[in-house]
Amino acid sequence: MHAIEIRGLTKAYGKARGVQSIDLTVESGAFFGFIGPNGAGKSTTIRCLLGLLEPTSGEVRLFGQPVDRRSRAALLRRVGFMPGEAVFHSGLRVREVLQLSANLRGVDCTAEADALCQRLQLDRNKKIEALSLGNRKKVSIVCALQHRPDLYIFDEPTSGLDPLMQRAFFELLQERQAAGATVFLSSHVLSEIQRHCTQAAIIREGRIIACAPVETLARTSARRVSLHGVSQAPDLPGIRDIRPLPDGVSFLYSGGLRPLTAELAALELADLTITEPDLEEIFLHYYADPAPTKGDLAL
Amino acid sequence: MTVFKHEMRLSWKSLLIWSLSIAALMVVCVLLFPEMRGEMEGVSEIFSSMGSFTAAFGMDKLNFGTFIGFYGIECGNILGLGGAFFAALTGIAMLSKEEAGHTAEFLLTHPVSRRRIAAGKLTALLTQVLLLDLLAFAGGILSGLCIGEALPWKELLLLHTAYLLLHLETAALCFGLSAVLRRSAIGLGMGLSLLFYCLNLLANITEKAGWLKYFTPFSYAESADILSELTLDLSLILLGLLASAAAVLAGFLIYDRKDIL
């Protein structure tokens, strides 16, 4: 079963770029990361998923059912959503916001809300306008989690949360996923996607440019080579992203090892490391190239 | 029901402030009446001979020297215009404020259809208008009793029914408008209610502009006409109800299809 299924989704509006013919499938039970820089179309895609926007063309399905004007309210019953902006009606207290969210869903989730507030150290008697960004984010998290939905959708959830809270947040999500739920989160922080997600899609300028298991995305023939004791990178095809180091130089290399080792043998090296690039570097690579075609995973 | 309660909880303070301000102004006016009654005899004559100015405010038909004549002019203006401002401001923000205040992503991602949300908000809006008019009515009646007037109930009820309808129509029109807005539009709301008010003044001044009365709800809430005819202009009211229904219906349809940015 697919928790999320997007086919040929295009959404154009105003001057904003929107998204263009997006295809995306998220299996039930997946922990899915949606990566892209600000303005790439992450929020637009998520808003189409939630029925906030109507697609210009294409189709969006949740749990196998198309999302449209008639179905969206029923489908949202099984979804917990955390918006990018944690904004609530001012004048309310935290407990009133949580209660409002539960009432709108027509369910009583007091016990779950209590447990979540305790874990996230959220004071329910505070007024919304007295909360810091991080604490408002926590209110959003509890609203998304308290009714124990089947699908969690988070739009940039960790911005504004301190590292300890980020850890608590991901622990919660992993528990929910272990219990069978699907998690879909957007982010521009790659390390958190790499650490927590099993699957990921990269979106750039309104198009999906890669979608694969995180390991596959991270697996690449390219290597980060750091040379110490020399200031010039060797002149070889397949070398890019050359960066100076305090005592040397580092670059990404994709190509055969023999030409590289031959070149290196001729150098007076103080030290040498060759590592796999992290997802961050691969990600930057995707963005640096002028719009590689979809599915272009060969780095 | 949840949306209705939520709306009422968020807006009871502003409702209270508006209601009390309007009611207080009316009470002060009514309490001043006994002192002014004697002087009013002369004032009425002056007012009734000021040409188009007289006609604009309907003072050619009203007797300032009687309680109900005075009440119709003073309270008609305070409650008529004040209530219309409140109805317009509350109505024009009703649907658009979630996007303007960035709370739409929270509210509209709950399993409640847009129609139900709009219905809850409309009910809250009309309830607030009704409460404001009831409070103002109570203020007028109580202060009238305070100065020992024998209250002409029929006239009072007709006047206040007309004001209530005026406010409900203004609220409904602005509610429909708020479905297409994404930002708060206080100026638009104020402007619209002032425009309606001025259209009615113009319609009163000359026969030539008489047709303008079909474009403003103030035309059926005209104290001078109501008190001289002792009846409400049902055709104008029907027209207003139709316009209100059309605006609300359009609001619902648009809101259901609206892209929430």
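User: Which helices of chain B each supply at least two residues of the lining of the largest cavity?

Analyst: They are helix H3 (67-94), helix H8 (186-205) and helix H9 (223-229). Helices (H or I, at least four residues) and strands (E, at least two) are DSSP runs, numbered from the N terminus. This is a predicted model, in which local features need pLDDT of at least 70, side-chain atom pairs count only at pLDDT 80 or more, and totals for chains, interfaces and linings use all residues. Residues are numbered from 1 along each chain as written, chains are lettered from A and ligands numbered from 1 in written order, and side-chain values use heavy atoms, without hydrogens and water.

User: What lines the largest cavity?

Analyst: Its lining (residues with an atom within 4 Å of a point) has 18 residues, with Gly76(B), Asn77(B), Ala221(B), Glu222(B) and Ser223(B) nearest the centre. H3(B) gives the largest share, six residues.

User: Which residues lie closest to the centre of the second largest cavity?

Analyst: This cavity has a volume of about 80 Å³. Of its 13 lining residues, Phe81(A), Cys143(A), Phe106(B), Thr109(B) and His110(B) are closest to the centre. The largest share, three residues, comes from H5(A).

Note on methods
1 Å grid on protein atoms, 1.4 Å probe; cavity = no way out; pocket = protein on both sides within 12 Å on 5 of 7 lines; lining within 4 Å. Points joined across faces, edges and corners; volume = space filled by probe spheres on them.
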